[in-house]
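My notes follow in the order I looked things up.

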Amino acid sequence: MNAAAWNRAFARAWLVLGYAFLYVPIVALVVYSFNDSPVANLWRGFTLKWYVALASDQELLAGLALSLQVALSTACAAIVLGTLAAFAMTRYRRFFGSTLFAGMIAAPLVMPEVIIGLSLLLMLVSLQRATEAAFGFGFPERGMLTIWLGHLLLGMAYATVVVRARLQTLNPQLEEAAMDLGARPWQVFWLVTLPMIGQALLSAFLLTFTLSLDDVVLSAFLSGPGATTMPLVIFSRARLGLNPSVNAVATIIIAIVAVGVVVASFIMARGERRRAEDIAAANRALTESTP
Amino acid sequence: MKRPAGLAWLRGRSAVIGVPYAWLLVFFLLPFLVVAKISVSEMETTTISDIVTWKDGAIAFNVKFGNYLLLLSDDLYFKTYVSSLKYAAVTTLLCLVIGYPFAYFMARTRRTVQPALLMLVMLPFWTSFLLRVYAWKALLTEHGLIADAIEAVGFDRLLAAAGLIPGPGQLMNTPFSLVLGMTYTYLPFMILPLYSNLAKMDLRLLEAASDLGATAWTAFWTVTVPLSRAGIIAGTMLVFIPCVGEYVIPELLGGPQTQMIGRTLWDEFFSNNDWPMACSVAVAMILLVIVPIAVFSRYQAEATERAT
């Protein structure tokens, strides 16, 4: 073999090993969910009993219901706030305190979650005590609302990054052309900008939804009595040791995600092509009409 | 951009900036001030003392730095900080060593397969992080798949000799399992920024280097690596900063000898119910990560500037 062939073989081996590293745990989770043994790492034949047991696992099902509600409301609010923030950062760029603004968007992406959870909780507790002293009832109670606030903080930062990346690639002349033709600013947004960033909004929605559905640390700090999300249930079981019910849940989640991601990327790729053609056509029309 | 005359524009602009800005100030910045305040307060049975009180017509300050003094003087806290930084640094280094060639080879494969390869890196993101960490627990306990493989090749003896595990065959709840879990979890965060940087690189620069007589190896170190600096910085920060305060992975895969600061904060808050102490730990942790976060934020802003 010559040097180039060696290089290619090395590159291929590195990629294969890397993907194996990323996927072995996931495959193992799925395989052991069908294991007919309470000791999760000894194989003793195929079974579906852990899946049957899930159907009557009230603790987990209640957690799932709460998690889905929180995730849905987090994703909806996060794309609204994230789009606003992304607009502020790409369209206005320099404004009073824009550095602080950019910092506050970037920080939640990397800030250890224990810090975010602790500080948000203590702020909300202070608020609750203040309202209790002033009005006689404490607001907000720890529960779904406070978990939602925490997840929204994280989700908004991610949504901003996704939408901003999309806004940067847009040709501002398209919006200007619409304005020149007499469209009001909100019409420009609904009719021109929004269709062009629709894909990004969908990815931001899915990303914040999964982030919220997966979060342990923020939920642990911000949840109250009776508000236990699914990851908290899973975490408390995983802490105690191996538990086949966790594998069964994992397999269901992985199946949903795999199907969802494949379908979504298929739809997105198709939509993206059509949208790119539309945008290109609009750009052509623009250049032709400008003398 | 053209500005239509009138107040409508102004209203639109201030709403677009003002709403997310106000939201972040209230729910992101204000909480840190609350934490800073509580960290210098005292715990009074169930409530926390006010640091500023009005007594006999005079303002009395009641600021306690006892928690910070304890942080500095108590060996245990200091060691925990150092070991958190150590584990985060080792994890970051491992991610870079595995992730850089990975991203490089990804970016140099045929254009048509790259979207599929990228998707395969992102897919684990979408499956629960908690469940993937849990999966390692099963793989590394006795008779787990990976544990058996490691023992079969005798790698565990090497790890034991290096002091990363207490003895051959004991892989779980050790520095080894902790670093393995963190590397596994954060590897995609290293690969993605590196890939997007390397995929955009102008390959003609490498041709120019080789025309000027550079070997592939020299060209890699003097052209490719310096040009991918932005990707390296982003990836390093995305791995290092969250790792310093990681809680879930040390809790599930770490052991008694792998204390990390995120766990200390958690225990102070949830087990000891010592809010001021938990806040002091948090403030000290913020001081540790504030500089890397500033670097990261600067880099993000620069990337925005370049793209527009």
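This is a predicted model: local features need pLDDT of at least 70, side-chain atom pairs count only at pLDDT 80 or more; totals for chains, interfaces and linings use all residues.

**Entry 1: a buried leucine**

I started at B:Leu130, which counts as buried because 24 C-beta neighbours fall inside 10 Å, and the cut-off for buried is 20 or more. B:Leu130 belongs to helix α5 of chain B, residues 129–140.

What does B:Leu130 touch, once residues up to four places away in sequence are left out? I found A:Asp214, A:Val216, A:Pro231, A:Ile234 and A:Phe235 on chain A, plus B:Val248 on chain B. I also took a distance to B:Ala219, which sits 89 residues from B:Leu130 along the chain, and got 41 Å between the C-alpha atoms.

**Entry 2: where the chains meet**

I get 80 residues of chain B in contact with 67 residues of chain A. Which element gives the most to the chain B side? That is α1(B), with 20 residues. I sorted the chain B side by class too, and it came out as 62 nonpolar, 12 polar and 6 charged residues.

**Entry 3: chain B overall**

I went through the secondary structure of chain B and noted 14 helices and 4 strands. Chain B has 308 residues, and 42% of them count as buried. For contacts in chain B between residues at least 6 apart in sequence, I noted that 66% join residues at least 24 apart.

Between them I see 8 residues of domain 1 of chain B in contact with 7 residues of domain 2 of chain B. Helix α1 of chain B, residues 7–39, supplies the largest share of the domain 1 side, 4 residues. By class, that domain 1 side has 5 nonpolar, 2 polar and 1 charged residues.

Next I checked backbone angles in chain B. B:Asn173 is not a glycine, yet its phi is positive, about 55 degrees. B:Asn273 also turned up, with a positive phi near 55 degrees in a residue other than glycine.

Where are they? B:Asn173 is in the loop between α7 (155–161) and α8 (175–199) of chain B. B:Asn273 is in the loop between α13 (261–271) and α14 (275–307) of chain B.

Is B:Asn173 buried or exposed? I counted 21 C-beta neighbours inside 10 Å, so B:Asn173 goes down as buried. B:Asn273 has 11 such neighbours inside 10 Å and therefore counts as exposed, the limit for exposed being 12 or fewer.

**Entry 4: a glycine in the α7–α8 loop**

I stayed with the loop between α7 and α8 of chain B, as B:Gly163 is placed there. B:Gly163 has 10 C-beta neighbours inside 10 Å, so I put it down as exposed. From B:Gly163 to B:Met182 is 19 residues along the chain, and their C-alpha atoms are separated by 19 Å.

**Entry 5: chain A overall**

Then over to chain A. How many helices and strands does chain A have? I listed 11 helices and 0 strands. Read along the sequence, the pattern is α-α-α-α-α-α-α-α-α-α-α.

For extent, the C-alpha trace of chain A spans about 80 × 75 × 35 Å along its principal axes. I have 40% of the 291 residues of chain A as buried. In chain A, 77% of contacts between residues at least 6 apart in sequence join residues at least 24 apart.

**Entry 6: one helix, checked for length**

At 1.5 Å a residue, its 25 residues should span 36 Å, and the end C-alpha atoms are 35 Å apart, so the two agree. α6(A) is mostly covered, with 19 of its 25 residues buried.

**Entry 7: confidence in chain A**

Last, I looked at pLDDT. Chain A averages 86, and 98% of the residues score at least 70. Where in chain A is confidence lowest, and where highest? The lowest is helix α11 of chain A, residues 244–289, at a mean of 82. The highest is helix α9 of chain A, residues 217–222, at 93.

Methods
Residues are numbered from 1 along each chain as its sequence is written. Chains are lettered from A and ligands numbered from 1 in the order in which they are written. Two residues are in contact if their C-beta atoms, placed from the backbone, lie within 7 Å. Helices (H or I, at least four residues) and strands (E, at least two) are DSSP runs, numbered from the N terminus. Ala, Val, Leu, Ile, Met, Phe, Trp, Tyr, Cys and Pro count as nonpolar, Asp, Glu, Lys and Arg as charged, and the others, Gly among them, as polar. pLDDT is the predictor's confidence in each residue, from 0 to 100. The expected span of a helix is 1.5 Å times one less than its number of residues.
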